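The following note sets out side-chain contacts and surface features for a colleague's review. Please read each point with the structure at hand.

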Amino acid sequence: MRWCTFLIFLSFLLAHGQAKSTAAQTLHALFDSEWDYNMQQSPEWASTLGDRRWNDRWHDASMQAIEARHQHSLHILDRLKQIDRTKLDVQDQLNYDLFKKDYEDGIEGYRFRRFLVPLNQRGGIQTQDELT
């Protein structure tokens, strides 16, 4: 009987580990795809970081692009919520929470039309000469 209990416990641990691994893999795949998306949407920032794939364009500040990025953020937040946070380890739970907070802040900023003030002390046309 002890072996049976041990095998059940072992199978539970293995199944739990696989589910956790799948949740973590899904989360990290989302992070990777969003990194690429954000680099494409902010080619100046990508270039500053050494990613030269989009050096032939500038950031699209049109209302259509702003709306498309907002819709994309809503979709990403929905995808994030489909990941079971409880199946992540402590570090990934923190990453999940920070990622979620960042997207929620962006969505809230859109609601208040924060995009109408594209300049601040850290970015804007005044800093474009910093590009390499």
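1. The side chains of aspartate 51 and arginine 53 meet in a salt bridge, with 2.6 Å from N to O. The term salt bridge denotes a side-chain nitrogen of Lys or Arg within 4 Å of a carboxyl oxygen of Asp or Glu. Side chains of opposite charge can pair when their charged atoms come close.

2. This is a predicted model, in which local features need pLDDT of at least 70 and side-chain atom pairs count only at pLDDT 80 or more, while totals for chains, interfaces and linings use all residues. Residues are numbered from 1 along each chain as its sequence is written, and side-chain values use heavy atoms, with hydrogens and water left out.

3. Arginine 53 also forms a salt bridge with aspartate 36, where the closest N and O atoms are 3.1 Å apart. This pair links distant parts of the chain, since arginine 53 is in the loop between α2 and α3 and aspartate 36 is in helix α1 (residues 2–41), 17 residues apart. Helices (H or I, at least four residues) and strands (E, at least two) are DSSP runs, numbered from the N terminus.

4. Arginine 53 is partly exposed at 48%, and aspartate 36 is partly exposed at 36%. Here buried means under 20% relative accessible area, exposed means over 50%, and partly exposed lies in between (1.4 Å probe, protein chains only).

5. The structure holds six salt bridges. One of them joins lysine 101 to aspartate 105, with the closest N and O atoms 2.9 Å apart. Because lysine 101 and aspartate 105 are four residues apart in helix α4 (residues 90–111), about one helical turn separates them. Lysine 101 is partly exposed, with a relative accessible area of 45%, and aspartate 105 is partly exposed at 31%.

6. The count of aromatic pairs comes to two. Phenylalanine 31 and phenylalanine 99 form a tilted pair, 4.9 Å centre to centre with 50 degrees between the planes. This pair links distant parts of the chain: phenylalanine 31 is in helix α1 and phenylalanine 99 in helix α4, 68 residues apart. Rings of Phe, Tyr and Trp (its six-membered ring) pair if their centres lie within 6.5 Å; planes under 30 degrees apart count as stacked, over 60 as edge-to-face and the rest as tilted.

7. Phenylalanine 99 and tyrosine 103 also form a tilted aromatic pair, 4.6 Å centre to centre with 35 degrees between the planes. These two residues are four apart in helix α4, so about one helical turn separates them. Both phenylalanine 99 and tyrosine 103 are buried, and the relative accessibility of phenylalanine 99 is 14%. Ring pairs link Phe31, Phe99 and Tyr103 into a cluster.

8. The charged end of arginine 113 sits over the ring of tyrosine 110, 5.2 Å from its centre. This description requires NZ of Lys or CZ of Arg within 6 Å of the ring centre and within 35 degrees of the ring normal.

9. Trp35, Trp45 and Leu49 make a nonpolar surface patch of about 360 Å². Leucine 49 is located in the loop between α2 (43–48) and α3 (63–81), and its relative accessibility of 43% counts as partly exposed. Patches are made of residues with over 30% relative accessible area and no salt bridge, like charges being joined within 9 Å and nonpolar side chains (Val, Leu, Ile, Met, Phe, Trp, Tyr) within 5 Å. Accessible areas come from the Shrake-Rupley method with a 1.4 Å probe; for residues, only the protein chains shown count as cover.
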